[in-house]
Amino acid sequence: MPSLLFCGPKMAACGIVISIWGIIMLAMLGIFFSAKSAILIEDVPFTEADIRDDKSPPQNIYNLYSQVGINCFIAAGIYLAVGAVSLCQVRLNKRQEYMVT
């Protein structure tokens, strides 16, 4: 029977730690972008032409803030999936230690 084990215990533990940090960091960034925090304006992808040509520039910027916030939440979800895979790898490694072959 093929094994689903593809990484060692240290790499799996590292994956869990990095995933936890990524989830916390990206969830907080998603919240702050959704709240349209002014300090994050440098991270919103807009050009001067977007402001000059638009009749309602604040609404365009707010839409960009919301899109970046959604992207942060999606990335946090991906980190959650990677953390779940890492947790499964840790458990498979624990099981492998106790198996007698």
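This is a predicted model: local features need pLDDT of at least 70, side-chain atom pairs count only at pLDDT 80 or more; totals for chains, interfaces and linings use all residues.
Two packed helices are described by the angle between their axes and the distance between the axes. Here, helix 1 and helix 3 pack at an angle of about 160 degrees, and their axes are 7 Å apart. Angles over 145 degrees count as roughly antiparallel, so helix 1 is roughly antiparallel to helix 3. Sorted by class, the residues in the contact of helix 1 with helix 3 are 22 nonpolar and 10 polar, with no charged residues. As for handedness, the crossing of helix 1 and helix 3 is left-handed.

I now come to the aromatic rings. How many aromatic pairs does a search of the whole structure find? The search finds one. The partners are F33 and Y65, whose rings are tilted, with 6.0 Å from centre to centre and 50 degrees between the planes. F33 belongs to helix 1, which covers residues 9-34, and Y65 belongs to helix 3, which covers residues 57-98, so the pair ties together parts that are 32 residues apart in sequence. Both F33 and Y65 are buried.

Let us next follow some residues of helix 3, starting with C72. This cysteine, C72, has its place in helix 3. C72 counts as buried because its relative accessibility is 9%. Setting aside residues up to four places away in sequence, C72 touches L26, L29, G30 and F33. As for L26, C72 and L26 are 46 residues apart in sequence, and their C-alpha atoms are 5.4 Å apart in space.

Y79 is also placed in helix 3. Is Y79 buried or partly exposed? Its relative accessibility is 31%, so Y79 counts as partly exposed. Leaving aside neighbours within four places in sequence, Y79 is in contact with I18, S19, G22, I23 and L26. L26 was also named among the residues that C72 touches. From C-alpha to C-alpha, Y79 and I20 are 7.7 Å apart, although 59 residues separate Y79 and I20 in sequence.

Further along helix 3 we find S86. With a relative accessibility of 8%, S86 counts as buried. What does S86 touch, not counting residues up to four places away in sequence? The partners of S86 are A12, G15 and I16.

One more residue of helix 3 deserves mention, namely I61. I61 counts as buried, at 11% relative accessibility. Not counting residues up to four places away in sequence, I61 touches I41, F46 and I51. Between the C-alpha atoms of I61 and I51 the separation is 8.3 Å, and I61 and I51 are 10 residues apart along the chain.

Finally, I turn to the loop between helix 1 and helix 2, where helix 2 comprises residues 48-53. Two residues of this loop will be discussed, K36 and P45.

Most residues other than glycine have a negative phi. K36, by contrast, has a positive phi of about 60 degrees although it is not a glycine. At 30% relative accessibility, K36 counts as partly exposed.

P45 is exposed, and the relative accessible area of P45 is 53%. Which residues does P45 touch, once those up to four places away in sequence are not counted? P45 touches L64 and V68. P45 and N63 are 18 residues apart along the chain, and 11 Å separates the C-alpha atoms of P45 and N63.

Thank you for your attention.

Key. Residues are numbered from 1 along each chain as its sequence is written. Side-chain values use heavy atoms; hydrogens and water are left out. Rings of Phe, Tyr and Trp (its six-membered ring) pair if their centres lie within 6.5 Å; planes under 30 degrees apart count as stacked, over 60 as edge-to-face and the rest as tilted. Helices (H or I, at least four residues) and strands (E, at least two) are DSSP runs, numbered from the N terminus. Buried means under 20% relative accessible area, exposed over 50%, partly exposed in between (1.4 Å probe, protein chains only). Contact means heavy atoms within 4.5 Å. Axes are lines fitted to C-alpha atoms, for helices over the stretch in contact, and angles run from 0 to 180 degrees between N-to-C directions. Angles under 35 degrees count as roughly parallel, over 145 as roughly antiparallel, 65 to 115 as roughly perpendicular and the rest as oblique. A crossing is left-handed if the near helix is turned anticlockwise from the far one by less than a right angle, and right-handed if clockwise. Ala, Val, Leu, Ile, Met, Phe, Trp, Tyr, Cys and Pro count as nonpolar, Asp, Glu, Lys and Arg as charged, and the others, Gly among them, as polar.
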